[in-house]
Amino acid sequence: MEQGLARYKAFMEINDALTALKESKFIISQPKMNTVLKIITDNDVLFGLVNECNENFDYDKEYKRAVTSFKDGERFILPSGRKKVIALVTGLLFEFNMKTLDFHKFILTYFTNANSNIAFSNFCDKIISPYISALKEVLVDGLDNDMLDDEENYTPVSNTANDALAENIYPLLNKLNYLFVGDNGLDDKERQELTDMVNGLILAAEMRDMRIIRAVWYGLRVRAKGVKNSAKVLEEIQKTLKMYLVL
């Protein structure tokens, strides 16, 4: 009963944020997306659901499949499975937020219109509305059912990180290594230990194991805190880990 109530409350919270996004204009859409992503990362139910949907999900492959060619141009067509919709759209929102995918270019390319607001409205109709529906189906509509269909049955929360994490976190970790080299307050042993921890975090990100990533990050965050000018870089790394649902 409590679990069902938590799922219902989680849906209502994310639904309100997504509805606010749909009702906004293109020019103020980015802060609305940021609110959606913050809710996902802060809410245990949503965090767990997105991780579950990412289990065995190939984001790059599904993205390419979604790009469909027509005579008048390309369109972005969501997959039919609700878990795939959740994983793909959440991934898109994270990419827009991280600036690894240009949102303005995306909507003008796949939701063709010279007017940014109309293209944004089309994006919301074709992407955000189905996303809301998929979340509702998984979180709310099945609460009274004893069994879900086999394809959509809940499985343990995934501990596998997104493929793109390693690529996006590497420049920040490399910057941290430069700070270690430039800090004269560190002796050779301390510098080597910190570098080993950074390399361990890079390896963990490449392995995509969230448990190892978290373990190494918690140690590195504490150990590197005293390094000169490290605070901003550490904050950026933590933000990136949160954006990819590791923390």
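**Exercise 1.** Which element gives the largest share of the lining of the largest cavity, and how many residues does that share hold?

*Solution.* Keep in mind that this is a predicted model. Start with the count: there is 1 cavity of 30 Å³ or more. Its volume is about 240 Å³. Next, list the elements that give two or more residues to its lining: helix H3 (44–53) and H5. Of the lining, the largest share comes from H5, with 5 residues.

Now look at the lining as a whole. It has 20 residues, and Asn54, Gly91, Ala161, Asn162 and Tyr244 lie nearest the centre of the cavity. Sorted by class, the lining holds 11 nonpolar, 6 polar and 3 charged residues.

**Exercise 2.** Stay with H5 and decide: is Thr90 buried or exposed? Then find what surrounds it.

*Solution.* Locate the residue first: Thr90 lies in helix H5, residues 82–98. Its relative accessibility is 1%, and because buried means under 20%, Thr90 counts as buried. Then follow the side chain of Thr90, which reaches the backbone oxygen of Ile86 at 2.6 Å. Finally, leaving aside residues up to four places away in sequence, Thr90 touches Ile40, Val50 and Tyr131.

**Exercise 3.** Describe helix H11 and what covers its buried residues.

*Solution.* Check the length: H11 (residues 231–243) has 13 residues and reaches 18 Å from its first C-alpha to its last, close to the 18 Å expected. Pick out its buried residues: Val233, Leu234, Ile237, Thr240, Leu241 and Met243. Their cover includes helix H2 (29–42), H5, helix H8 (164–182) and helix H10 (210–223). Last, step past the helix: H11 is followed by Leu245, with a positive phi near 65°.

Note on methods. Residues are numbered from 1 along each chain as its sequence is written. This is a predicted model: local features need pLDDT of at least 70, side-chain atom pairs count only at pLDDT 80 or more; totals for chains, interfaces and linings use all residues. Side-chain values use heavy atoms; hydrogens and water are left out. Helices (H or I, at least four residues) and strands (E, at least two) are DSSP runs, numbered from the N terminus. Buried means under 20% relative accessible area, exposed over 50%, partly exposed in between (1.4 Å probe, protein chains only). A polar contact is a pair of N or O atoms within 3.5 Å; within protein, one must be able to donate a hydrogen and the other to accept it, and residues adjacent in sequence count only if both atoms are side-chain atoms. Contact means heavy atoms within 4.5 Å. The expected span of a helix is 1.5 Å times one less than its number of residues. On a 1 Å grid over the protein atoms alone, a cavity is a set of points where a 1.4 Å probe fits but cannot get out, and a pocket is an open set with protein on both sides within 12 Å along at least five of seven lines; lining residues have an atom within 4 Å of a point. Grid points are joined across faces, edges and corners, and a volume is the space filled by probe spheres set on the points. Ala, Val, Leu, Ile, Met, Phe, Trp, Tyr, Cys and Pro count as nonpolar, Asp, Glu, Lys and Arg as charged, and the others, Gly among them, as polar.
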